[in-house]
Amino acid sequence: MTLPRSSINALRSNLDRALSAKDPAAIATAVDVPLRNTNVVGGPSGGNSSSTSGSVHREQLKVDGVDWSNVLNYLLDVHLAIASNDLASTYEAQSSLHSALNHNLSSTKGNWLIPGIHTVCRNTHRTAALADEYVNRNAGTRNDHKRLQSAVTLLQASYSKTLNDRVELRPNEPLSEEGSKKVGVLYIVNQLFSMYFQLNTLRLCKNLLKPVESRSIHESGTMGEMVTYRYYVGRLNMFEDQYELAEQNFDY
């Protein structure tokens with residue numbers, strides 16, 4: 001089963017236009033999925049999962065010589081899983097979409113894809129948490145975090161691809177074909193902080209601190225990103241009994 005042709009055409013057209021224009025905001029909108037108002041409440045429905053058999057859609061999309069077919073097809077899979085009220089398949093398709101966009105991020109110049117990466121990072125985190133919550137609720141358990149642990153790996157890949165961009169970060173520059181992908185780091189770090197706290201793997205937070213602070217990335221994000229970063233660092237300070245440092249970070 002696939003989405004109706006009218007839905008496929010609309011989603012394909014939105015993604016094609018956004019990528020052709022290299023419009024960061026439009027790309028973020030095109031790869032977003034309607035999780036806020038979704039009625040996705042069910043478990044596996046028997047086979048929309050894209051993790052083992054590939055996408056159920058077979059659309060083709062190339063823009064400026066770059067193949068975006070996987071991004072499009074897994075995006076269609078996410079919408080199909082949501083329409084089927086299937087949390088497990090929604091996460092599997094979202095994780096495949098995330099992996100495909102990570103791959104294309106490496107092959108694009110500049111940082112115009114960063115808002116799209118942020119969108120898929122947020123949705124991968126959320127769909128993983130929702131799917132785990134459903135499994136735990138129905139199994140009467142609390143400690144099955146398999147999907148959230150899997151999602152961490154995808155966000156870590158996004159983090160690495162943005163952090164290791166060789167282009168110098170220039171704060172407050174518009175997103176462009178010349179800009180540094182490092183502009184996307186802080187948002188992803190904050191998502192990872194949240195996930196590490198959920199999984200009680202706080203030791204992994206320290207792996208993020210030195211790379212971020214040695215490059216002063218924690219001082220060059222949006223105000224919301226910088227405040228969120230200080231909040232999580234303050235919580236880490238509290239766990240280490242560094243109360244004065246915690247207060248400074250909480251007061252940022």
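The structure is a predicted model.

**Overall build**

The protein chain contains 10 helices and 2 strands. Read from the N terminus, the order of these elements is α-α-β-β-α-α-α-α-α-α-α-α.

Along the principal axes, the C-alpha atoms fill a box of roughly 60 × 50 × 25 Å. Of the 252 residues, 51% are buried. Among contacts with a separation of 6 or more, 68% are made by residues 24 or more positions apart.

**Surface and charge**

The protein chain exposes about 12,400 Å², and carbon and sulfur atoms supply 48% of this area. The chain carries 25 positive and 25 negative charges, whose mean positions are 5 Å apart.

**Salt bridges**

The count of salt bridges comes to 9.

| Positive residue | Negative residue | N to O distance |
| R122 | D32 | 3.0 Å |
| R147 | D132 | 3.0 Å |
| R137 | E133 | 3.7 Å |

Which parts of the chain does the pair of D32 and R122 tie together? D32 forms a salt bridge with R122. D32 lies in the loop between α2 (24-30) and β1 (62-63), whereas R122 belongs to helix α5 (residues 114-139), so the pair ties together parts that are 90 residues apart in sequence. D32 is partly exposed, with a relative accessible area of 25%, and R122 is also partly exposed, at 26%.

The side chains of R147 and D132 meet in another salt bridge. Because R147 lies in helix α6 (residues 146-163) and D132 in helix α5, this pair ties together parts that are 15 residues apart in sequence. Are these two residues buried or exposed? R147 is buried, with a relative accessible area of 14%, and D132 is buried at 3%. Both values fall under the 20% cut-off for a buried residue.

R137 counts as exposed, at 52% relative accessibility, while E133 counts as partly exposed, at 45%. Finally, salt bridges that share partners join D132, D144 and R147 into one network.

Notes: Residues are numbered from 1 along each chain as its sequence is written. This is a predicted model: local features need pLDDT of at least 70, side-chain atom pairs count only at pLDDT 80 or more; totals for chains, interfaces and linings use all residues. Side-chain values use heavy atoms; hydrogens and water are left out. Helices (H or I, at least four residues) and strands (E, at least two) are DSSP runs, numbered from the N terminus. Buried means under 20% relative accessible area, exposed over 50%, partly exposed in between (1.4 Å probe, protein chains only). Contact means heavy atoms within 4.5 Å. Accessible areas come from the Shrake-Rupley method with a 1.4 Å probe; for residues, only the protein chains shown count as cover. Lys and Arg count as positive and Asp and Glu as negative; His and the chain ends are not counted. The place of a charge is taken as NZ of Lys, CZ of Arg, CG of Asp or CD of Glu. A salt bridge is a side-chain nitrogen of Lys or Arg within 4 Å of a carboxyl oxygen of Asp or Glu.
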